Amino acid sequence: MNLPSNIKNIRLEAPVRFSPSVERIDADETETTQALIATMRYINERTFADGGHAIRSVHAKTHGILQGHLEVDGELPDELAQGLFAKPGRYPVVMRFSTIPGDILDDSVSTPRGLAIKVIGVEGERLEGSEGDVTQDFLLINGPAFGAPDPKTFLSVVRVLAPTTNRAQRLKKILSAVMRQVQKAIVVVSGHPNTMVATLGGQPETHILGEAFYSQAPLRFGDFIAKIAVAPKSPELKALAQAPLNVNGVPDGLREAVLEFFGKNGGLWEVRAQLCTDTEHMPIENAAVVWSEAISPYRRIARITVKPQLAWSEARSSAVDDGMSFTPWHGLAAHRPLGGIMRVRKAVYEEAKKFRAQGNGRVIQEPHEMVLFGD
């Protein structure tokens, strides 16, 4: 195995065991969290004033909503048989594909893609705030690391982007076209895309279903620590990796592509875990660091299967976009989110949920059984 030059002297160690001591909380993290809540609230209020409907302050636009099943692999090695994945099982899931802005934009404003997964029927000790629930959420983005290392840096980015909410789309489309060319140049030079450039509109115009998605920040993995990924496995999905998709002039082109695909095909994804084996080179508090797969590869722990179905409808949007929330803090204590970026999400997402519930006059609650959309 050829390790990168800066880590060639590191032995491939056993997984790092989880301990509360792996986290380092900044003294002013509470103030940063409150500032993030206020900034996200500004985005919520702008979009609500313009559209009369309360939507998410990030990942507002939905491109597909699927229901299927997650099946945990049998005979996993001890270090992977942890938490939800401790024993074989089959669970209903809801999957929501999205893009990151907090306003509803034409798809030609090309930004990173997200996949939120809600696993239903999970039993075990719960995270605080999710007592009595039976769900486990995984929030994933199509890149292996977060666009900011820590909450303070993330706050500075959000503060820059927030005033652009619902500004004229023409300017955003022009910027996105420029950023896509910048991204191409970066890939030529460095071999991999830049997360911040993607956030500013430089996401390549490709099919959303060809993407692999990552938790980006770590979480507890039972006795250990890991990042989670979900990657296409069925041939029809794998064929869409980097497949060009021209959505210019098609405002909802990504959704139309998802609808077309699942009108004809089912899908299979692998769920994978990357165990932390070295906290220096696989840090907990710096979410912008890509954990080297040479040190610790992603390994399969489960599969998600869906049948052909109507991948978006008004009924599905009402049930999921308005009636559900997704947060890494819905889940088992064995999968506690770790690091500053994950910690601030708890209060920020909870406040955003309250705004949507109040604005739309809806009760937002966790499902206890397979969701029936009625479409």
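## Strand β4

Both faces of β4 are covered: on one side T135, D137, L139 and I141 are buried, and on the other Q136, F138 and L140 are buried too. Buried means under 20% relative accessible area, with a 1.4 Å probe and protein chains only. In a regular strand, side chains alternate between the two faces of the sheet. Seven of the seven residues of β4 (residues 135-141) are buried, so the strand is largely enclosed by the rest of the structure.

Strand β3 (residues 113-120) pairs with β4 in the antiparallel sense over seven bridges; pairing requires at least two DSSP bridges. I117 stands opposite F138 in β4.

## Basis of the model

The model is predicted: local features need pLDDT of at least 70 and side-chain atom pairs pLDDT 80 or more, while totals for chains, interfaces and linings use all residues. Residues are numbered from 1 along each chain as its sequence is written, and side-chain values use heavy atoms, without hydrogens and water.

## Helices α1 and α2

Helix α1 (residues 29-51) packs against helix α2 (residues 151-161) at about 20 degrees, with the axes 10 Å apart. That makes α1 roughly parallel to α2 (angles under 35 degrees).

E29, T32, A35, L36, T39 and M40 in α1 meet P151, K152, F154, L155, V158 and R159 in α2 (contact: heavy atoms within 4.5 Å). These residues divide into seven nonpolar, two polar and three charged.

## Chain overall

The chain has eight helices and nine strands, taken as DSSP runs of at least four residues (H or I) and at least two (E) respectively. Of its 375 residues, 55% count as buried.

Conventions: Axes are lines fitted to C-alpha atoms, for helices over the stretch in contact, and angles run from 0 to 180 degrees between N-to-C directions. Angles under 35 degrees count as roughly parallel, over 145 as roughly antiparallel, 65 to 115 as roughly perpendicular and the rest as oblique. Ala, Val, Leu, Ile, Met, Phe, Trp, Tyr, Cys and Pro count as nonpolar, Asp, Glu, Lys and Arg as charged, and the others, Gly among them, as polar. Buried means under 20% relative accessible area, exposed over 50%, partly exposed in between (1.4 Å probe, protein chains only).
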